[in-house]
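Please study the sequence and the structure before reading each solution.

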Amino acid sequence: MANRSPVLTSLLGLFSISLVVILAVNPQTSFQAALRGIHIWWEVVFPATLPFIVLSEILMGFGVVHFVGVLLEPLMRPFFNVPGTGGFVLTMGFSSGYPVAAKITSRLREQNLVTRAEGERLVSLATTSDPLFVIGAVAIGFFHSEQLGYMLAFSHYVSALLVGLLYRFHARNEPPSASFYKKERTFLLRAMQEMHRARMRDGRPLGRLMGEAVESALHTLLMIGGFIIVFSVVMELLKTINLTQTLSTALTVILGPLGFPQAFSQPLVIGLFEVTLGAQAVSQVSPAISLMGKAAIASAIISWGGLSVHAQVAGILSQTDLRIAPFLAARFIHAILSALLTIIAWRPLQLLVSDEADAVPVLVAPQPLAAVPQYWWNHFSQSALMALLLLAVLAVGSVLMRRAVCKHH
């Protein structure tokens, strides 16, 4: 990192100075954009993310991660080349959305429960959107179609697992972390013993554990809020100087000869920076464009996550030796696989959900996610239920894998 090109440094400095000048020239625009960023953070991100970060810290203090590590080792190690503790990251990441997986993985790395390569594999696998955002905000709120939500969720999470399978070969020559797995009959007993030992090593009383969990969660969320506000202002400033329009025109020139519809250029550029605005822009593309094409682009944007999310993850990983480059490459692969999977599975999934996605009645206007009644409670309860179901599925799969291994030997 120390050998960065001076040309790149000069370009970044020039870009920063330009933003400051544009900010000074357009103070009202910047102020309104900052208010929108604060609103998104306070109304949506804060209540949706805080409980999961706090609970993950408490569960780690209680040694539950070690219990899950023993339980899921036979499944996570052969498929994803990560220890069983990665199952905890996977369930929390899939159910609560970005950047919770990065936060938990960084804590595992700090405790030396994963190696650097395993941590990078985990962040690349488990950093996804949460189901309520995919189905509630994007599919129902923007596209007015619940059926489309299931299609987007299928392509998003299945392609994430495919990324995990591909990333098992990432830095495969690096030595793995110590395995909790033993071919013994007292499987659950060993898991309980590891959980108790981890709790004893931690040693913090409940009050202190909860206090530090809340403190850590608030620190992380303040950093996330800062990134959201900054990127909200940057996006608005780029629109003010028509840079987004210039980038979308360039994208059309590059991809146009390949048959890429011009209507998708601007949503892709917006989605490059911010996932919510990008998905909304795709939903507003002309009705003449097929819904399958819109769904594929929306799926790619959701899986990419946006530079705003990437900056949040980079800020979290900077506290460890985990590198951001493998994560960025994984997001690009995830976006491509998600779009392809949406196209490939479009017809079978339409038959599966019975009704045509286009036939769902259109709402009067898309409602902001925060305006959905009982959003906070719905997000927490549904995400917690998904985490429990996913953990149960992984546990059953792990037991079956363990039996197969024992029978083979």
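**Exercise 1.** Determine whether Phe80 is buried or exposed, and describe its pairing with Phe79.

*Solution.* Phe80 has a relative accessible area of 9%. Buried means under 20% relative accessible area, exposed over 50%, and partly exposed in between (1.4 Å probe, protein chains only). Phe80 is therefore buried, whereas Phe79, at 36%, is partly exposed.

The model is predicted: local features need pLDDT of at least 70, side-chain atom pairs count only at pLDDT 80 or more, and totals for chains, interfaces and linings use all residues. Residues are numbered from 1 along each chain as its sequence is written, and side-chain values use heavy atoms, without hydrogens and water.

Next, consider how many aromatic pairs the structure holds: there are five. Rings of Phe, Tyr and Trp (its six-membered ring) pair if their centres lie within 6.5 Å; planes under 30 degrees apart are stacked, over 60 edge-to-face, and the rest tilted. Phe46 is buried, at 17%. Phe79 and Phe80 also form a tilted pair, with 6.4 Å between centres and 45 degrees between planes.

**Exercise 2.** State which cluster the ring pairs form with Trp41.

*Solution.* Ring pairs join Trp41 to Trp42 and Phe46 in a cluster.

**Exercise 3.** Identify the residue whose ring face lies under Arg168.

*Solution.* A charge sits over a ring if NZ of Lys or CZ of Arg is within 6 Å of the ring centre and within 35 degrees of the ring normal. Arg168 lies over the face of Phe169, at 5.4 Å from the ring centre.
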